[in-house]
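Please look over the sequence and the structure shown below before reading on. The report then takes up selected parts in turn.

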Amino acid sequence: MEQTHNIYLQSFGAAETVTGSKHILDTPELKILIDCGLFQGIKSLREKNWESPEFDPAAIDAMILTHAHLDHCGYIPLLIKNGYKGQIFMSAPTKELTEIILRDSAKIQEEDAQRANDMGYSKHAPAKPLYTTQDVELALPHFSVLETAVTHQLSRNISCEFYPAGHIPGACSVQLLCYGKSIVFSGDIGRYHSELLPAPKHPAAADYVIMESTYGDRLHDTTPIDDELAAVINETLYHKGNVLLPCFAVGRAQDVIHILYQLKKHKQIPSSVPVFLDSPMAAAASKVLTHYPEWITIPAKDCLQMFSGVTINQDHQNTQKIIAQKESKIILAASGMMTGGRVLEYLKHYLSDSRNTILIMGFQAEGTRGRTLLNGAHELKMHGRYFPVKARIKEIGGLSAHADQAELLQWLKEFTINKPKVFLVHGEPCALDTFRVKIKDELNLQATIVKQGQRILLFSSSS
Ligand SMILES: [Zn+2]
């Protein structure tokens, strides 16, 4: 007798927002979770991390992780804590980076809870971390590496394959061959001309594409970043100020270090200006780069050399010593959206001095301190206190790790064998809708904006 199989898509994060990526492909053989990220940004979103999951982790059979950013991997410890027993498939660099990122995430949460308790500014008594270092250690044994360009059978009718997506080292799009159809989850899509990473790749054929749209309504600045960055640095040095670069520890920090290395080499900025990387995680992530030369476009020896001119600070205690140094300097510290981490210590000292520059080089989600600064706020709240904004807030956009609208369209256009049905995720409402219309007008493809929790029937197959 003929049987009908229904294949559903359901998103429990990164649906009409850019964080908390969690997409479930529900098939008769397997329930597969693609990414398991933390919500970040506005409070109502962050609070979702504390609620019990909207799906049953114990009912998931397999998980695939596209890349190591916290908004894609940061909920994994809670997935395991809430009953997930299966493997978590990812590329080799993603495995190394995710281990670093999750350990750091737990540490920051433990430290924040501790600080809130010590200083008594938490509304919750006592303040607790979302998850602990121990929760992370229990999650790591579930990690399993999959090579790219190899098809992996997950069950009788389902297999998967990774395609490098640029974005950050190890980041992949994933194709699921499912009951005869090709379903592609883009993950985060990188740039076609990046400093360190190759252009994104994907299979030639897809029936369904679930795609990110972070910059679906924007084009990146095409002014050469080197010149712009040199100008900002030189101007700040002239005023005897410091340049603070909040950056993602993975990806952005390494991009910026590479550019600073080039600027010093070509004498566009003084070679004597000290550069500090105050993020043990960024330092560890930088080391990972050197383990995987096949994932980056610059030679391994250049990679080593570019870090030689950077002072890496591992120890939290030394942050105050760096701040106390009078001479002008360039500091890279995480987190990139200023939601936490050591960058806040620098902000507390540098934000109220007009000689300094806070240089924002990455996407700043709604509700983050980074977005607040870009919106021209006159003060910023950190650890329960307000700090006046006197420093120059400057944005350089060209270094984004995300494809812009034109690159997203190019990526989609490269599905040449058939016309896929498109489902848009990982974007704020305006970006999603602008991109949906653009896809229709330019490529004549139907695109659907995925809503949180909405169960979408992709197709039915008979056997
Ligand atoms: Zn990402």
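The sections below describe a metal site, a helix, a strand with its partners, and a loop residue.

## The zinc site

The model is a predicted one. In it, the zinc ion has four protein donors: His67 through NE2, His69 through ND1, His167 through NE2 and Asp188 through OD. These donors lie 2.1 to 2.3 Å from the ion. Along the sequence, the donor residues follow the spacing H-x1-H-x97-H-x20-D. Distant parts of the chain are linked by the pair histidine 167 and aspartate 188, which stand 21 residues apart. Histidine 167 belongs to the loop between strand 8 (158–164) and strand 9 (172–178), whereas aspartate 188 belongs to the loop between strand 10 (181–185) and strand 11 (208–212). Both histidine 167 and aspartate 188 are buried.

The arrangement around the zinc ion is irregular because the 4 donor atoms subtend angles of 91 to 164 degrees. For a tetrahedral arrangement, all angles would have to lie between 85 and 135 degrees.

## Helix 14

Helix 14 consists of 15 residues, 429–443. From its first C-alpha to its last it reaches 21 Å, close to the 21 Å expected at 1.5 Å a residue. Asparagine 444, which follows the helix, has a positive phi near 55 degrees.

Which residues of helix 14 are buried? They are Ala431, Leu432, Phe435, Ile439 and Leu443. Viewed down the axis of helix 14, these buried residues fall within an arc of 95 degrees, so they line one face of the helix. Their cover includes strand 11, helix 13 (405–413), strand 20 (421–425) and strand 21 (447–449). On the other side of helix 14, Cys430 and Asp441 are exposed.

Strand 2 pairs in the antiparallel sense with strand 1 (residues 4–13) over 5 bridges. It also pairs in the antiparallel sense with strand 3 (residues 31–34), over 4 bridges. Isoleucine 24 is the bridge partner of glutamine 10, and isoleucine 24 also stands opposite leucine 33 in strand 3. Strand 2 and strand 3 form a hairpin, with 4 residues between them.

## Glycine 120

Glycine 120 is found in the loop between helix 4 (92–119) and helix 5 (133–139). Is this glycine 120 buried or exposed? Glycine 120 is exposed, its relative accessible area being 57%. Glycine 120 and leucine 154 are 34 residues apart in sequence, and their C-alpha atoms are 49 Å apart in space.

Terms used
Residues are numbered from 1 along each chain as its sequence is written. This is a predicted model: local features need pLDDT of at least 70, side-chain atom pairs count only at pLDDT 80 or more; totals for chains, interfaces and linings use all residues. Side-chain values use heavy atoms; hydrogens and water are left out. Donors are N, O and S atoms within 2.8 Å of the metal (3.2 Å for Na, K and Ca); water is not among the atoms, so sites may look incomplete. Four donors count as tetrahedral if all angles lie between 85 and 135 degrees; four count as square planar and six as octahedral if opposite donors are over 155 degrees apart and all others between 65 and 115; anything else is irregular. Helices (H or I, at least four residues) and strands (E, at least two) are DSSP runs, numbered from the N terminus. Buried means under 20% relative accessible area, exposed over 50%, partly exposed in between (1.4 Å probe, protein chains only). The expected span of a helix is 1.5 Å times one less than its number of residues. The arc is that of the directions from the helix axis to the C-beta atoms. Contact means heavy atoms within 4.5 Å. Two strands pair if DSSP finds at least two bridges between them.
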